[in-house]
Amino acid sequence: MLLENLKDGHVCQIVVEDVDETTLLREAKKKKKKKPETPLPQPPPQVKKPKPPKKVVISNELQAIKIQAWWRGTLVRRTLLHAALRAWIIQYWWKQKLVELLEKKRRAMLQYYAQKKWAVVRLQSWVRMWRVRVRYRRLLHAVRIIQVYWRWHNCHTRGIFRGSYELTASQLGLELEIFLGSHICRITDCIPFPIKN
């Protein structure tokens with residue numbers, strides 16, 4: 001008996017049968033003796049001298065040799081079958097171990113890739129945050145300077161201050177007009193914001 005592992009986990013069983021040569025000879029003789037049930041009309045047979053049947057004389061020694069050969073063949077086939085089954089079991093176990101090792105390696109690589117990607121994303125977010133803070137500080141500094149000058153001029157010269165701003169997702173647009181007596185001061189500035197992808 002031989003077991004083979006097929007795809008999708010199916011197992012196929014192969015049965016090896018021992019056939020004796022004497023059994024085959026007997027079956028062949030029985031087939032020859034059988035005649036058809038309905039004989040067909042045939043021309044009259046020609047008369048020939050019948051040959052005397054050949055007598056097969058099998059001595060006890062030849063019969064013993066045949067039995068010994070059959071038994072040795074059976075032992076060899078059985079030994080080969082056991083060896084093939086053991087080899088199949090070892091191969092199946094080794095294939096399972098290889099699959100487990102590959103799965104462990106794949107998981108380790110995925111974990112390493114996830115950690116690396118997470119670190120890159122975190123660094124990018126820190127850099128973007130730093131850039132936004134720098135631009136925001138510049139904007140605050142500019143606003144403070146304008147406020148200081150405006151307060152100083154407002155206290156000394158009762159001028160007029162007009163301004164407008166436009167805030168979009170990518171920039172801040174400022175338009176300021178300061179009227180100080182006969183002098184007009186116009187300030188126009190666009191401050192871009194970082195665009196986060």
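1. In what order do the elements of the protein chain run from the N terminus on? The order is β-β-α-α-β-β-β. That makes two helices and five strands in the protein chain. The model is a predicted one, and the points below should be read with that in mind.

2. Confidence first. The mean pLDDT of the protein chain is 80. Of its residues, 69% reach 70 or more. Helix α2 has the highest confidence, with a mean of 92. Strand β1 (residues 2–5) has the lowest, with a mean of 53. Where pLDDT is low, the predicted coordinates should not be read in detail.

3. Burial and surface. The protein chain has 197 residues, and 7% of them count as buried. Its accessible surface comes to about 19200 Å². Carbon and sulfur atoms hold 61% of that surface. Among contacts with a separation of 6 or more, 31% are between residues 24 or more positions apart.

4. The nonpolar patch. W93, W94, L98 and L101 form a nonpolar patch on the surface. Together these residues have about 420 Å² of accessible area. L101 is found in helix α2, which spans residues 60–156. Is L101 buried, partly exposed or exposed? L101 is partly exposed, at a relative accessible area of 46%.

5. Aromatic pairs. How many aromatic pairs does a search of the whole structure find? The search finds three. One of them joins W70 and W71 in a tilted arrangement. Their ring centres are 6.0 Å apart, with 45 degrees between the planes. W70 is partly exposed, at 36% relative accessible area. W71 is also partly exposed, at 41%.

6. W88 and Y92 form another aromatic pair, this one stacked. The distance is 5.8 Å centre to centre, and the planes are 15 degrees apart. Why are W88 and Y92 separated by about one helical turn? Because they are four residues apart in helix α2. W88 is partly exposed, with a relative accessible area of 21%. Buried means under 20%, so W88, at 21%, does not count as buried. Y92 is partly exposed as well, at 37% relative accessibility.

7. Salt bridges. Side chains of opposite charge can pair when their charged atoms come close. The count here comes to five salt bridges. E100 and K97 form one of 3.6 Å, N to O. Both residues lie in helix α2, three residues apart, which is about one turn of the helix. E100 is partly exposed, with a relative accessible area of 44%. K97 counts as partly exposed at 33%.

8. E177 takes part in a salt bridge with R162, where the closest N and O atoms are 3.7 Å apart. What does this pair tie together? E177 lies in strand β4 (residues 171–180) and R162 in strand β3 (residues 160–167), so the pair ties together parts that are 15 residues apart in sequence. E177 is partly exposed, at 26% relative accessible area. R162 is partly exposed, at 48%.

9. E177 also meets R186 in a salt bridge, at 3.8 Å, N to O. R186 counts as exposed, at 61% relative accessibility.

Conventions:
Residues numbered from 1 in each chain as written. Heavy atoms only, no water. Patch = residues over 30% accessible without salt bridge, like charges linked within 9 Å, V, L, I, M, F, W, Y side chains within 5 Å. Areas by Shrake-Rupley, 256 points an atom, 1.4 Å probe, with all protein chains shown as cover. Salt bridge = Lys/Arg side-chain N within 4 Å of Asp/Glu carboxyl O. Buried < 20%, exposed > 50% of the residue type's maximum accessible area, 1.4 Å probe, protein only. pLDDT = per-residue confidence, 0-100. Phe/Tyr/Trp six-rings, centres within 6.5 Å; stacked < 30°, edge-to-face > 60°. Contact = heavy atoms within 4.5 Å.
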